[in-house]
Amino acid sequence: MKIFTSKSALSEFLNELREQEKSIGFVPTMGALHEGHLSLIDIARRQSDVVVCSIFVNPTQFNDPADLEKYPRPVDADIEKLRGADVDILFLPSVEEMYEPGESWHLDLGYLENVLEGKIRPGHYQGVTQVVKKFFDIVKPDVAFFGQKDFQQVLILRSMVKMLNIPVKLVMCPIKREEDGLALSSRNIHLSSSERHNALALSASLNNARDHFSVKSLDELKSEAIAFLSASEGVELDYFEIYDAETLQPATSKDVGSIVALVAAKVGETRLIDNILLK
Ligand code: AMP
């Protein structure tokens with residue numbers, strides 16, 4: 001695995017590969033890698049000749065400095081995992097390599113930015129689109145792989161790619177879970193064993209909605225989930241919503257093409273998100 005910290009050296013190397021007609025798959029991450037990240041890499045490896053992975057804890061997408069500060073950064077262990085996963089290229093830039101001082105960015109993301117995570121974490125998706133656009137400019141991938149775990153992020157990036165005519169295909173990869181249902185997340189590391197147990201309420205609420213989707217109304221599914229989560233020990237609910245999976249508008253009927261249930265909650269000091277496609 002080749003490791004680059006400089007964007008110009010990476011670009012140069014990738015240009016040579018492109019001249020050899022190699023297709024480039026890209027998996028951006030913030031590190032603290034787990035099986036969820038590795039599953040994206042696995043999918044990328046099957047769909048592209050060269051797999052580029054990045055590790056960059058992007059400061060512009062954190063609206064809470066304490067959250068940025070405590071974000072785990074086990075770089076050496078991550079590098080070993082990426083070697084084990086047969087990644088061809090790791091891009092590991094510094095903040096200074098990615099950003100000029102005082103740089104600004106704004107993309108009109110419209111409605112999508114003002115719901116769910118966008119509403120609770122103002123500016124988050126500006127930071128996400130800012131850094132992903134930079135990565136796309138540097139790596140120029142043919143295909144980029146993102147997890148369904150961050151469902152709203154995928155819709156926002158699809159919208160950006162369309163708005164800015166970026167020549168990249170986006171692939172949404174399924175959520176990897178622990179055997180008991182907990183969605184893998186770099187933040188799970190912060191959970192104590194009792195919090196980890198309490199966190200199972202999130203996936204349980206989603207599974208329950210899926211299991212009763214055919215027999216209950218959308219309103220019933222949502223209110224039962226909210227009642228369950230509100231009564232769950234150690235869980236401070238931010239939202240549980242059932243939305244049209246294409247638009248993230250509230251699903252008003254089961255007739256829309258695809259429907260997603262999304263949940264976010266704080267468990268102790270750790271904020272977790274999860275979702276499931278109901279249709
Ligand atoms: P992060 O390092 O949290 O920014 O995540 C990097 C990529 O991995 C994003 O596209 C995430 O959606 C994806 N990802 C995170 N957790 C999971 C998971 N449990 N299963 C699949 N993909 C995931």
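Helices (H or I, at least four residues) and strands (E, at least two) are taken here as DSSP runs, numbered from the N terminus. This is a predicted model, in which local features need a pLDDT of at least 70 and side-chain atom pairs count only at pLDDT 80 or more, while totals for chains, interfaces and linings use all residues. Residues are numbered from 1 along each chain as its sequence is written, and side-chain values use heavy atoms, with hydrogens and water left out.

**Domains and cores**

The domain assignment divides the chain into domain 1 (2-173) and domain 2 (188-278), with bounds that come from an automatic or database domain assignment. The C-alpha centres of domain 1 and domain 2 are 26 Å apart, and 14 residues of domain 1 are in contact with 21 residues of domain 2, contact meaning heavy atoms within 4.5 Å.

A nonpolar core is a set of buried Ala, Val, Leu, Ile, Met, Phe, Trp, Tyr and Cys residues joined through side-chain atoms within 4.5 Å; buried means under 20% relative accessible area, exposed over 50%, and partly exposed in between, with a 1.4 Å probe and protein chains only. The largest such core has 46 residues, and those with the most contacts inside it are F136 and L248. Helix α7 (residues 124-139) provides the largest share of this core, 8 residues, and the core draws at least three residues from each of domain 1 (2-173) and domain 2 (188-278). When neighbours within four places in sequence are left aside, L248 is in contact with Y111, L112, L116, F151, Q152, L155, Y243, V260 and L262. Another core, of 25 residues, lies apart from the largest one and has L200, L202, A225 and V235 among its members. In soluble globular proteins, nonpolar side chains tend to be buried together.

**The ligand site**

The ligand is surrounded by 16 residues, of which the closest are H37, G147, D150, K176 and L184; a residue counts as near a molecule or strand if one of its heavy atoms lies within 4 Å of it. At least two residues of this shell come from each of β2 (24-29), α2 (35-47) and β5 (143-147), and α2 gives the most, with 3 residues.

| Residue (backbone N or O atom) | Ligand atom and distance |
|---|---|
| M30 | oxygen, 2.9 Å |
| G147 | oxygen, 2.8 Å |
| K176 | nitrogen, 2.8 Å |

Taken alone the ligand exposes 480 Å², and the protein buries 92% of that; accessible areas come from the Shrake-Rupley method with a 1.4 Å probe, and for residues only the protein chains shown count as cover.

**Two buried polar residues**

Q126 belongs to helix α7 and is buried, with a relative accessible area of 9%. A polar atom of the Q126 side chain lies 2.7 Å from the backbone oxygen of L107, and, not counting residues up to four places away in sequence, Q126 touches W105, H106, L107, L109 and E113.

D274, in strand β9 (residues 270-277), is likewise buried, with a relative accessible area of 4%. Its side chain is joined to that of R177 by a polar contact of 2.9 Å. Apart from neighbours within four places in sequence, the residues in contact with D274 are I175, R177, A183, S203, L206, A261, L262 and V263.

I226 lies in helix α10 (residues 218-230) and is partly exposed, with a relative accessible area of 29%. Beyond four places in sequence, I226 touches L237 and F240, while its C-alpha atom is 9.9 Å from that of D238, 12 residues away in sequence. N208, in helix α9 (residues 193-211), is partly exposed at 31% relative accessible area, and its C-alpha atom is separated by 39 Å from that of L90, 118 residues away along the chain.

Most residues other than glycine have a negative phi, and most peptide bonds are trans. E21 has a positive phi, near 65°; this residue is found in the loop between α1 (7-19) and β2 and counts as exposed, at 70% relative accessibility. For D86, phi is also positive and near 65°, and D86 lies in the loop between α4 (75-84) and β4 (89-91).

Note on methods: Polar contact = N/O pair within 3.5 Å; in protein donor to acceptor, adjacent residues only side chain to side chain.
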